[in-house]
Amino acid sequence: MNGARSTGLPALSRLLGDGLPAVLANCLPRTGEAATIERVTGGNVSHVFRVRGHLGKAIIKVRTSTFARIPQLRTDPALIADERRALDLYGTAAPGHFPQVLGFHDTLHTMVLSDVFPDALNYHQHLARRAAAPDEVARLGRVLRRVHHATRNASIHIRSQGDDWFREHTFDYCLRAHGHKVLDAACEEMAAQADQQLILGDLAPKNLSLAHGGVALCDLDNVHRSWRLFDVAYFLAHLLIHHLNHPGRLPALADAFLCAYHGPKQPDPGQERLMATVAAGVVLYRLDNPLVPYPLKQAPAAAAEYLERVLALLDADTVTIQALIDAANPREHAPHGCNARKGPAVTLSAPRSGTALSGDAAVTVLRGLGYPVTTVEALASDQTPFAVPARPRRRTLAPGFCLDSTSADLGDGAFTNVHTLRVDLERASVEAVSDPGGFHLRDLLRDGRTLAAVSGSFSFISDDAAYQPVEPCLDLCYRHGQAASLPTAAKPALLLQQGRPALGHVEARGMLRLAGQTYRWTGSKTAAAAERRPGQLTVFGAANCEVLYRPHPRTGFVRYVDAASNLTPACPAAVDYVIGADAQGDLRVTSVHVGGRADLFAGRFILRDPSPASHQVPLGALVEVTEVAGRTTKGLVCGFSLGPSVEDAAAGRTPAYDASLGASPFQDVRHARTLIAVRGSELVLKVLDGAPRTGRFRGATPRETAAICAAEGLDPHAVYHLDGGASSKIAFLEQGASAVLGSMHYLRWPTGPAEPFRWQGLEGRVLRSALALVPSQARSSR
């Protein structure tokens, strides 16, 4: 057996002495005979070791009378029993996210735990190598919300010293130590909050794992009863300081984490302000603490500058979450794109001032744009002010970029505004941008490269923020050279290689490798799925869901999915493998469901083996998609499924577009639409605009759409739907300023009875996919 690596800290054998064999005996069921023991990096208080054997891994945690890494600080080793109580409670309340206690040795002050970090790395170690991803932190936000909900009524006493003492102790070292009156006041305000409950108390990246599509939380030394949003603010502070070298990514990351945690019920302004103040205090605790230094892979100058900006915000008592993000460097924005294996996410931020407006402010802006609006609330039922025919106009945005606008008469006073962007593919490249965390179309223009962008949103949409799929893009989606989703049914698709788009029909079939074995796969909505051939897997995903509607007194309706029935079909002989992505973007098995009934929203997609043989597929097994519809995936960088061709929609040939979209936009009714076609070396993108709650300006029917295309010399068989709904929009730069066309009526619905409707026509709906158009000069200078 190899000993722990030399770190200047005592080896496990020295800490445990004659007690070592008894402790290792607790590891045996998980590890077999111990082959190596290595010290785990991260925590300051306890000595932590990872034991490896031929069966797997286990963790040994030892507490002594001094902090492991700060020996001048004394502690009571018996407090390890507090952590054991916390682990027992949380393991029962939120199973699957916390280590199991495999053994406890009171006199040795030692615990043996299951190892819940599948790649043996904590999230801090990942962040030292790369930036966070929005889908990761959103996953954490959702789990944290569930953990808080599951323990909200727990009455067990965790702390030996008492919860009130430990809460004040936490405030003392984390917030009051700075001697700042704003932070002192925040501590008093938190202590007075009515919703005191158990919190984790130390939700730092070193204490969690987001690998292999999961969420694992450990090191419950600081569990106590306090204000629940302390945990949220604590992690948010760490998210900020770990991205000082990538400040352009912070809006998307903060928004993904906070929206996932809060769900539809956002905190009131007072709670949000208090949460921001706590986050500012934690930033100071981490960046200005010589006693407990915090290791960061950030430039010291950047950390020092950020510390000064945060102190200035506290001095002025003007701390907000947006101000903390802006203080990191508000002028730097992350580029988007799909040509790198791990491309950065597009920027999604909380709505900026002037873009999600209510009341008189919204009315003033709308009237300035030429829309005779009386109140924003009235637009929820009557959008007639937007029924303004477009005047014929041609814009030359750049060489090879031509944008035409006009109005098309549909008879009987009805019309649609037609905006057509023509792009010379010899002078531009096309990027299919997708992000499960979501983004606004205008965000794509902020990278210094993109000249125009067009919405592309055949993705899951519901109004239940608490139940959303891990991968919202429906059917085929390739992102950063990796399959984000596989098709359940044959559909047209847009695929991009080396900046050139290809449109065409894509069958829901292909090849992949799962745990080293080669399989055929087919979509669950195809006839081949019923054949259950040996060696053939069936693909399920978010596209198998059914979007339902129920009435709502203010908005008219809300869309939702019934989580209890949103499962793969039961099949006693089958095994379902939920597929997610690890931190490097590789596809892995994240859960296994014998007999089916896997949550359709749990992963990027689900692979069903209808007749599993003796070949065992373990958790964490690698998945490699090698072929889609007879095409090799080598060189396939990005792309996604499209809607039907204009001709097929006009003829009613749309069986693949089902209840996963809610109400179909391909019935014989007028809808706004975004269309795409490639004609020689020209890319044509067309928005047929309309507002649904008007009498004469609602878009166009499928047959009217076909007639409009044919009149312009476009073959309706070769024109496809890129977006079939009210989010159809073009964003572009004109003389350096951003502008938009389409979907100007868009309202952000209220999430509570007291919240107003907000006009968000400039930003539009949060998208999951879009096309970005980059001039050749910008492309070559990248």
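At 14% relative accessibility, does His 480 count as buried or exposed?

Figure 1. His 480 counts as buried at 14% relative accessibility; buried means under 20% relative accessible area, exposed over 50% and partly exposed in between, with a 1.4 Å probe and protein chains only. This is a predicted model, in which local features need pLDDT of at least 70 and side-chain atom pairs count only at pLDDT 80 or more, while totals for chains, interfaces and linings use all residues. Residues are numbered from 1 along each chain as its sequence is written, and side-chain values use heavy atoms, with hydrogens and water left out. The loop between β15 (477-479) and β16 (482-485) holds His 480. Strands here are DSSP runs of E with at least two residues, and helices are runs of H or I with at least four, both numbered from the N terminus. Most residues other than glycine have a negative phi. His 480 is not a glycine, yet its phi is positive, at about 55 degrees. Ala 515, also not a glycine, has a positive phi of about 55 degrees. Ala 515 sits in the loop between β19 (509-514) and β20 (517-523), and is partly exposed, with a relative accessible area of 26%.

**Figure 2. The open sheet β1-β2-β3-β5-β4.** The 5 strands of this sheet follow the order β1-β2-β3-β5-β4, with antiparallel pairing; two strands pair if DSSP finds at least two bridges between them. β1 (34-39) and β4 (101-105) are at the edges with a single partner strand each, so one side of each has no neighbour in the sheet. From one strand to the next, the twist averages 20 degrees; axes are lines fitted to C-alpha atoms, for helices over the stretch in contact, and angles run from 0 to 180 degrees between N-to-C directions. β4 is joined to β5 (residues 110-114) by 4 bridges in the antiparallel sense, and Val 101 is opposite Leu 113 in β5. Helix α2 (residues 20-31) lies across β1, β2 (47-53), β3 (57-62), β4 and β5, and runs at about 155 degrees to β3. Contact means heavy atoms within 4.5 Å.

**Figure 3. Strand β2 and its two partners.** Of the 7 residues of β2, 6 are buried, so the strand is mostly covered. On one pairing, 5 bridges join β2 to β1 in the antiparallel sense; the bridge partner of Thr 36 is Arg 52 in β2. On the other, β2 and β3 run antiparallel over 6 bridges, with His 47 opposite Val 62 in β3. These two strands form a hairpin with 3 residues between them, and Gly 56 in the turn has a positive phi of about 160 degrees.

Figure 4. The structure holds 5 cavities of 30 Å³ or more. A cavity is a set of points, on a 1 Å grid over the protein atoms alone, where a 1.4 Å probe fits but cannot get out, and lining residues have an atom within 4 Å of a point. Grid points are joined across faces, edges and corners, and a volume is the space filled by probe spheres set on the points. Two or more lining residues come from each of β2, β3, α3 (80-93) and β5, and β2 gives the most, with 3 residues. The lining has 12 nonpolar, 10 polar and 9 charged residues. Nonpolar covers Ala, Val, Leu, Ile, Met, Phe, Trp, Tyr, Cys and Pro; charged covers Asp, Glu, Lys and Arg; the others, Gly among them, are polar.

**Figure 5. The second largest cavity.** Its volume is about 50 Å³. Of the 10 lining residues, the closest to the centre are Gly 456, Phe 458, Phe 640, Ser 641 and Ser 769. This lining has 6 nonpolar, 4 polar and no charged residues.

**Figure 6. Surroundings of Ser 226.** Ser 226 belongs to strand β9 (residues 224-227) and is buried, with a relative accessible area of 0%. Leaving aside residues up to four places away in sequence, Ser 226 touches Arg 167, Phe 171, Asp 195, Gln 196, Gln 197 and Ile 199. The C-alpha atoms of Ser 226 and Leu 198 are separated by 6.3 Å, with the two residues 28 apart along the chain.

Key: On a 1 Å grid over the protein atoms alone, a cavity is a set of points where a 1.4 Å probe fits but cannot get out, and a pocket is an open set with protein on both sides within 12 Å along at least five of seven lines; lining residues have an atom within 4 Å of a point.
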